[in-house]
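Please keep the sequence and the structure in view while reading.

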Amino acid sequence: MGKISVIVPVYNTEKYIAECLESLFNQTYKNIEILLINDGSNQECTEKLETLSEAHDNIRLFHFDANKGVGAARNFGVKASTGDFIYFLDSDDYIPEKTLEILIHHIKDNDMIRGRIKSTHFAKSFAVIFDGIYNAKIHTDEKYKFIKNKSALNFLIRKDFIISNHLYFAEDVRIYADLEFIVPALINVPHLPHVKEAIYFKRKRNAPILNPSLMQEDVSLRISDFIHMYIRLKDKYEDALADVFLDIRFLNFYRKTIVTFFKDEKTIESYFQDLLEAMSRVDENILKTYDYVLKKEVQTIKKGSLAQYKRVNRRHQFLRDFKTGCKSRKKFKRFLYKRFFNKQSIKNNWVFFESFHGRSYSDSPKYIYQHMIENNMNYKYIWCVNDHTDIPGNPIKIKRFSLRYYYYLAKSKYWVSNSRFPNDTVKREEHVYVQTWHGTPLKRLAGDMENVLMPGTNVEKYKRNFYNETQRWDYLVSPNAYSTNIFEQAFWFDRNIIESGYPRNDILYNKNSDEDIVAVKRKLGIPNEKKVILYAPTWRDDEYYGKGKYKFTLALDLQKMQECLGDEYIVLLRMHYFIASQMDVSDVQGFAFDVSDYEDIGELYLISDMLITDYSSVFFDYAHLKRPILFYTYDLDKYRGQLRGFYFDMEEEVPGPLLKTTDEVIEAIGDIGHVQTEYQNKYDEFHNTYCLWDHGDASSAVVKEVFEK
Ligand code: C2G
């Protein structure tokens, strides 16, 4: 049937290349050569390519001295190839084992054929293709719809067709090099067969910030590259179908990407002349099919007056925002926020506090605030709390996402929060944003996460949003040196880290007295004479009812615990704030108490004699008290492997036993003195590593740094 030359340009994809090549070695169609074009990759990647190619006869490896771009690499590959067919595969993607076989089987007399491209966010996806007769569907008028993402991927093409039509990739653009190749290719085929069983997995990179794929690159580059390619191709070819394809893609790109970019008016000027050139090539009949607003903008661009276009753009941006604003109450608030509140002056003495997305008056923001009011500092305070909560000092209280929320956020100079603000909030230059974060990380965080299994997002979106958020923090509070290191990397953070310890832990040093403990127990209505076990597990990324609403199935047998321990102990069940499941303690009344709604977990630490947790950061804080900690890690392998991954080996580092069953938990509690002796050394080491900075004055240190310097 002929040999297929698979051309794989490689640029710093050392994390993915082995999987990519493995998918080629596994092809059921064996008559292939693999051309690896190392496009000036780093040393690690280059060495990896050398090792891989030495181990396999059908790999031919070529090196460029410097990075020349994907277009140049593929052109080189075509020239060096010896096959009858050409197939382009990107080095971070992969294909199921039958893809090449299906394509070559169906190409018949055609010059090219296309399979299906599927995006994947996962580390590895697979497709089960059952043996059978697959039909290639022939496309004539709609053949251009197969230029997905404007790319030449997952086409199998005859080499002599490429040569006789002088097809090549653009070498002077970074992102849309494929258009130069694929548009004339399609012009020269009367129709295109498509087989949907021939799948190509396009990987959405999970490091869009530090290691972006081409499409994840800077939007300004995408704009200039696309304008460039559009003009060139319009001038070079006269083909009715290609014209329609190019005009529609260009106008859609203008509406989706360029208009959004032009929200920042300063950006317009440097693109205006090129845009004028491009728009003057758009066919009037195509333009006619678009809405009034877009037509008006295109006409204004074509007139060539930058000032006039800026005015129209300003008006239209407002209209677009207003139109979106009218879609719902929520959107209208955002419209007012963006268009009015954010245009007003900032109040220099207003401080806006939020803890766990307004779920409680708690955590480090609470202690920073308390320090400020106790010291009569001259500020006006705003607290975002969703429920009616008593807060000393009479601050203004507002609910998250209310109109007042947006108003006060826009006008308060200082923002203090322990988690993220909504993505659509705007931090102006005068705002000062203090991020306290909410725990020493054990579970991998943000930029360090491989997979994201939370509902309503994916790894790329999650990281991008996270990145946008961390880049607006002015200060980040760190509880220990270990966290500082991780925060810098996982949050891409290189600004002010306040190495004060956690304000939320001040209480563990300042209120650790019998009197204070009795007062909290009284407030909770729990018996004073019994010892207290606090069970505070974390949440599971993949168990949820919906966005932000997680499930938790209690895996502790409380009845059994009551039978064995009830005379001496009571248990406080403390669910993570994301957990929406209700705990049913009716069968174990007087023994188990649901304290999930209690605002300040620090007070619960103080009144408990031991902690049971799992992968929650609570144990880093609890260790300040030097009281026993048990780890009920019944799903350790799943949690560590599949869900999150950890920063360190739990078995090695944590200051207490890892237990898998209720019986083991009961046994450890029954013999807690022995457990303590056994873990004393580990506990001391742990304390020395993670608990060195807190002495009860972290709030004061943060306030000094942010408000008194
Ligand atoms: N928390 C709580 N009750 C629980 C679990 C947690 O009150 N049952 C509070 C603690 O203050 C804890 C914080 O929420 O330190 C963060 O909880 P984690 O279980 O560690 O999980 P997460 O919210 O995912 O934060 O760097 C820290 C990580 O980001 C983890």
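Helix 6 and helix 7 are roughly parallel to each other, a description used for angles under 35 degrees. The model is predicted, so local features need pLDDT of at least 70 and side-chain atom pairs count only at pLDDT 80 or more, while totals for chains, interfaces and linings use all residues. Residues are numbered from 1 along each chain as its sequence is written, and side-chain values use heavy atoms, with hydrogens and water left out.

**The helix pair**

Helix 6 covers residues 177-187 and helix 7 covers residues 219-236; they pack at about 25°, and their axes lie 10 Å apart. Helices here are DSSP runs (H or I) of at least four residues, strands are runs (E) of at least two, and both are numbered from the N terminus. Axes are lines fitted to C-alpha atoms, for helices over the stretch in contact, and angles run from 0 to 180 degrees between N-to-C directions. In this contact (heavy atoms within 4.5 Å), Leu179, Glu180 and Val183 of helix 6 meet Phe226, Met229, Arg232, Leu233 and Lys236 of helix 7. By class, the contact of helix 6 with helix 7 has 5 nonpolar, no polar and 3 charged residues. For these classes, Ala, Val, Leu, Ile, Met, Phe, Trp, Tyr, Cys and Pro count as nonpolar, Asp, Glu, Lys and Arg as charged, and the others, Gly among them, as polar.

**Helix 17**

In helix 17 (residues 481-490), the residues Tyr482, Ser483, Thr484, Ile486, Phe487 and Ala490 are buried, meaning under 20% relative accessible area with a 1.4 Å probe, protein chains only. The buried residues of helix 17 pack against strand 14, strand 15 and helix 26. Just after helix 17, tryptophan 492 has a positive phi of about 50°.

**Paired strands**

Two strands pair if DSSP finds at least two bridges between them.

| Strands | Bridges |
|---|---|
| Strand 9 (residues 347-354) and strand 12 | 5 bridges |
| Strand 12 and strand 13 (residues 432-435) | 4 bridges |
| Strand 16 (residues 531-535) and strand 21 | 3 bridges |
| Strand 21 and strand 22 (residues 629-632) | 3 bridges |

Strand 12 (residues 412-417) is largely enclosed by the rest of the structure, because 5 of its 6 residues are buried. Its valine 416 is the bridge partner of phenylalanine 353 and stands opposite valine 434 in strand 13.

In a regular strand the side chains alternate between the two faces of the sheet. In strand 21 (residues 610-613), Met610 and Ile612 point one way and Leu611 and Thr613 the other way, and all are buried.

How values were computed. Parallel < 35°, antiparallel > 145°, perpendicular 65-115°, else oblique. Buried < 20%, exposed > 50% of the residue type's maximum accessible area, 1.4 Å probe, protein only.
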